[in-house]
Amino acid sequence: MSPSSRPGLFISFEGIDGAGKSTHIEALAQAFRDAGRVVVLTREPGGTPLAERLRGLALNEAMDPLTEALVMFAARRDHLLLVIEPALARGDVVLCDRFTDATFAYQGGGRGFDIDVLATLERWVQTVPAKAPPALRQPDLTLWFDLAPAIAAERLAGARLPDKFESQPQAFFENVAGGYAARMAADPGRFARIDAALERDAVRAAVVAAVRAKGHLG
Ligand SMILES: Nc1ncnc2c1ncn2[C@@H]1O[C@H](COP(=O)(O)OP(=O)(O)O)[C@@H](O)[C@H]1O
Ligand SMILES: Cc1cn([C@H]2C[C@H](O)[C@@H](COP(=O)(O)OP(=O)(O)O)O2)c(=O)[nH]c1=O
């Protein structure tokens, strides 16, 4: 099968800040390239000029939880229509640093915002005409980098200047982690939990093993 006739593949990377997503996304991209796949590396909020501008607002401006959720989903809609759907239609592999599980974890778990409202927004934003019949777009696989907030905080200390979310107290991230656990419990077949407390090489191996276990990467 030629690369272009393969179906697209959508993998999201999730976890609290400092869990190691950015460290490992490029290694997985290279593994797919080595397997002959075209890879689109992208992130949320962001991934398009408009969504990157919305990211700047979301990460730096104070706003109420509904406004924050709407900004995240507005960025997501633009990103989905302009980048993710076209890439999947071409048969590319899309590796996305965060997607909707982050909204359920941060705005739902962290901020305590209404999960039912988030589920309604999810349905509006991710029902895409490219699917026939139009259906909800979700990642084919979500890699959840699970790490205790205290370890994530240690790793982040001194690594970079904290943004609005990264400067939240540890209790916030306990709630975010609870949000991720709830999402995984609701759709276990889509998720692979990665023990992000392991050292780097072991995490990299666990990521590749999880992708292989789902039937990707040969
Ligand atoms: N397995 C690991 N063990 C120790 N430190 C790690 C590990 N993975 C990543 N790091 C370091 O932890 C910090 C946060 O990692 P990063 O990939 O930026 O997390 P995220 O993208 O999930 O916020 C970085 O300084 C990174 O070098
Ligand atoms: C996608 C998304 C991210 N976020 C937050 C989580 C992160 O703290 C922040 C940006 O994510 P991230 O790109 O992981 O930050 P960094 O580049 O600093 O590693 O946005 C939400 O609160 N809701 C969302 O829906």
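## Two ligands in a predicted model

An oxygen atom of ligand 1 is 2.6 Å from an N or O atom in the side chain of Lys 21. The model is predicted. The space that ligand 1 takes is the largest pocket, and ligand 2 sits in the largest pocket as well.

**Ligand 1**

- The shell around ligand 1 has 14 residues, of which Gly 18, Lys 21, Ser 22, Thr 23 and Arg 200 come nearest.
- The side chain of Ser 22 has an N or O atom 2.5 Å from an oxygen atom of ligand 1.
- For Arg 200, an N or O atom of the side chain is 2.8 Å from an oxygen atom of ligand 1.
- Taken alone, ligand 1 exposes 560 Å², and the protein buries 81% of that area.
- H1 gives the largest share of the shell around ligand 1, with 3 residues.
- By class, this shell around ligand 1 divides into 4 nonpolar, 4 polar and 6 charged residues.

**Ligand 2**

- Around ligand 2 there are 16 residues, and Asp 17, Arg 55, Arg 98, Thr 103 and Gln 107 come nearest.
- Arg 98 places a polar side-chain atom 2.7 Å from an oxygen atom of ligand 2.
- In Gln 107, a polar side-chain atom lies 2.8 Å from a nitrogen atom of ligand 2.
- Glu 166 has a side-chain N or O atom 3.1 Å from an oxygen atom of ligand 2.
- Ligand 2 taken alone exposes 560 Å², of which the protein buries 93%.
- Helix H2 (49–60), helix H3 (65–90) and helix H4 (100–110) are the elements that give two or more residues to the shell around ligand 2.
- Of the shell around ligand 2, the largest share comes from H4, which gives 4 residues.
- The shell around ligand 2 is made up of 6 nonpolar, 2 polar and 8 charged residues.

**Annotated residues**

- An unreviewed UniProt entry places the feature "binding site" at Gly 15, Ile 16, Asp 17, Gly 18, Ala 19, Gly 20, Lys 21 and Ser 22.
- From this set, the lining of the largest pocket takes in Asp 17, Gly 18, Ala 19, Gly 20, Lys 21 and Ser 22.
- Among the annotated residues, Gly 18, Lys 21 and Ser 22 are listed with those that come nearest to ligand 1.
- Asp 17, also part of the annotated set, is one of the residues that come nearest to ligand 2.
- The position of Asp 17 is in the loop between strand S1 (9–15) and helix H1 (21–34).

**Backbone features**

- Arg 98, with its polar side-chain atom 2.7 Å from an oxygen atom of ligand 2, has a phi near 85°, a positive value in a residue other than glycine.
- Arg 98 is in the loop between strand S3 (93–97) and H4.
- A cis peptide bond runs from Glu 44 to Pro 45, with omega near -10°.
- The loop between strand S2 (39–43) and H2 holds Pro 45.

Definitions and conventions. Residues are numbered from 1 along each chain as its sequence is written. Chains are lettered from A and ligands numbered from 1 in the order in which they are written. This is a predicted model: local features need pLDDT of at least 70, side-chain atom pairs count only at pLDDT 80 or more; totals for chains, interfaces and linings use all residues. Side-chain values use heavy atoms; hydrogens and water are left out. A residue is near a molecule or strand if one of its heavy atoms lies within 4 Å of it. A polar contact is a pair of N or O atoms within 3.5 Å; within protein, one must be able to donate a hydrogen and the other to accept it, and residues adjacent in sequence count only if both atoms are side-chain atoms. Accessible areas come from the Shrake-Rupley method with a 1.4 Å probe; for residues, only the protein chains shown count as cover. On a 1 Å grid over the protein atoms alone, a cavity is a set of points where a 1.4 Å probe fits but cannot get out, and a pocket is an open set with protein on both sides within 12 Å along at least five of seven lines; lining residues have an atom within 4 Å of a point. A molecule sits in a cavity or pocket if more than half of its atoms lie within 2 Å of its grid points. Ala, Val, Leu, Ile, Met, Phe, Trp, Tyr, Cys and Pro count as nonpolar, Asp, Glu, Lys and Arg as charged, and the others, Gly among them, as polar. UniProt positions are given in the numbering used here, feature names are shortened, and annotations may be inferred rather than shown by experiment.
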